[in-house]
Amino acid sequence: MDSGRRRFLKIAGISALGLGIKPVVDALEANGQPEELRSPKALVGQRWAMVVDLRKACPDNCTECIDACHRVHNVPDFGNPKDEVKWIWNQPFGDAFPGQEHEYLEESLRDRPTIVLCNHCDNPPCVRVCPTKATYKREDDGIVMMDYHRCIGCRFCMAACPFGARSLNWRDPRPFIKELNREFPTRTKGVVEKCTFCEERLANGLIPACVEACKEKVLVFGDLKDPRSEVRELLGSHYTIRRRPELGTLPQVYYIV
Amino acid sequence: MYNAGKILFGLIIFFCISTFPFWYNAVSGKAAVAPELKLITKEKQCIESTPYMRSNHMELLVLWRDSVVREGNRVYVNSAGKQYTMSLQNTCMSCHSNKSEFCDRCHTYLAVEPDCWNCHIEPKEKT
């Protein structure tokens, strides 16, 4: 039996050595393995949101925020309201807040265009209806994203969104873009598009284009989960309303009136 | 075999017709030549090795697409540890700026039509 024990010990030893080598080999292998990382410049937030201060006037029908957004994102201008594609736009107060307007509404609000955009809802109905998950909510920062690669143009999301924040490209948008931003893609015919809170700019450490373009500071952007952020400060010190809260979509664009 | 002569004759005709493209090209000397690619760039090395890129660039682009859009990553670390921004339009095309002489030549030869360019903007080419 002596030789049997010797053999057993030899095999056990070699096996143990083999097991010990495996992690080393794995580590060496992993060294040359390509990987994808977040940009170190990226702005990090847990719940991005926007505050629109309607008490501040937009002088001379200023549309800097709209122009900046549509320029940066290659949003086409078809020149007719039926085909219109928009990411951020102006609406009369009564249309933006149905039920909140009345005959004797203060003039500054009644005459003032209300800036509206995708609300990046906490409970987004567009995401629920999308059959391809082309639109989805990013769990780490709450942005309701669009993956244009997956969009099949079924327009369920447009029907589901109570804010009209989504537009379909009925035609090829390329010829209708005044000046191409060559760093950003366009969309194609049959794809739905909308505001993405400038996630491509956030990833590069920039705030959204509309907020940057607004000289009057009507638009404020920030992280709701950060108690010292500008949006939290504004929300904590002012009365704010949201668009159509009764629908339960939990919009994350707040309005100071 | 009945009618052996006719059957064999028919078979020979069938064989000739079915192999027509091969012998026609061989005889006329017009066989399709593999496309020649031209590349204007100062870089010596693509983000991964040339054989890898040649056979896997489409998979890499799909990986980049999903990683950027779905996971929010922007930086690609290649097998040599060098970092690149994951962007077809801004990273790939900054070197491969002559799309018609690089991308298109092979794609046309192989009759593949990638629909990247329906949305992503092609670089302006100096002609």
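Start by selecting A:Arg155, which sits in the loop between strand 6 (144-146) and helix 6 (156-160) of chain A. Helices and strands here are DSSP runs (helices are H or I with at least four residues, strands are E with at least two), numbered from the N terminus. A:Arg155 has a positive phi of about 70 degrees although it is not a glycine.

Before you click on, a word on the ground rules. This is a predicted model, in which local features need pLDDT of at least 70, side-chain atom pairs count only at pLDDT 80 or more, and totals for chains, interfaces and linings use all residues. Residues are numbered from 1 along each chain as its sequence is written, while chains are lettered from A and ligands numbered from 1 in the order in which they are written.

**Next stop: A:Pro131**

Select A:Pro131, in the loop between helix 5 (125-129) and strand 5 (135-137) of chain A. A:Pro131 is exposed, because it has 10 other C-beta atoms within 10 Å. Which residues does A:Pro131 touch, not counting residues up to four places away in sequence? They are A:Cys154 and A:Phe156. A contact means that the C-beta atoms of two residues, placed from the backbone, lie within 7 Å. Now try a distance: from the C-alpha atom of A:Pro131 to that of A:Glu212, 81 residues apart along the chain, the separation is 34 Å.

**Into the strands of chain A**

Select strand 2 (residues 48-53) of chain A. This strand is largely enclosed by the rest of the structure, because 5 of its 6 residues are buried. Two strands pair if DSSP finds at least two bridges between them. To see one bridge, pick A:Val51 and its partner A:Val220 in strand 9 of chain A.

Now show strand 11 (residues 253-256) of chain A, which pairs with strand 2 of chain A in the parallel sense over 4 bridges. Here A:Met50 stands opposite A:Val253.

Then move to strand 4 (residues 113-117) of chain A, where 4 of the 5 residues are buried. Strand 3 (residues 88-92) of chain A runs antiparallel to strand 4 of chain A, with 5 bridges between them. Click A:Trp89 to find its bridge partner, A:Val116.

**Over to chain B**

Colour chain B on its own. Its elements, from the N terminus on, run α-α-α-β-β-α-α, which is 5 helices and 2 strands. The C-alpha trace spans about 70 × 35 × 30 Å along its principal axes. Of the 127 residues of chain B, 9% count as buried.

Colour chain B by domain next: domain 1 covers 1-31 and domain 2 covers 50-118, with bounds from an automatic or database domain assignment. The C-alpha centres of domain 1 and domain 2 of chain B lie 44 Å apart.

Now go to B:Asn3, in the segment before helix 1 (4-18) of chain B. B:Asn3 has a positive phi of about 50 degrees although it is not a glycine. B:Asn3 is exposed, with 9 other C-beta atoms within 10 Å.

**Last stop: where the chains meet**

Finally, zoom in on strand 1 (residues 35-37) of chain A and strand 1 of chain B: 3 bridges join them, and they run antiparallel. Select A:Glu36, and its bridge partner in strand 1 of chain B is B:Tyr76.

Methods:
Buried ≥ 20, exposed ≤ 12 C-beta atoms within 10 Å, placed from the backbone.
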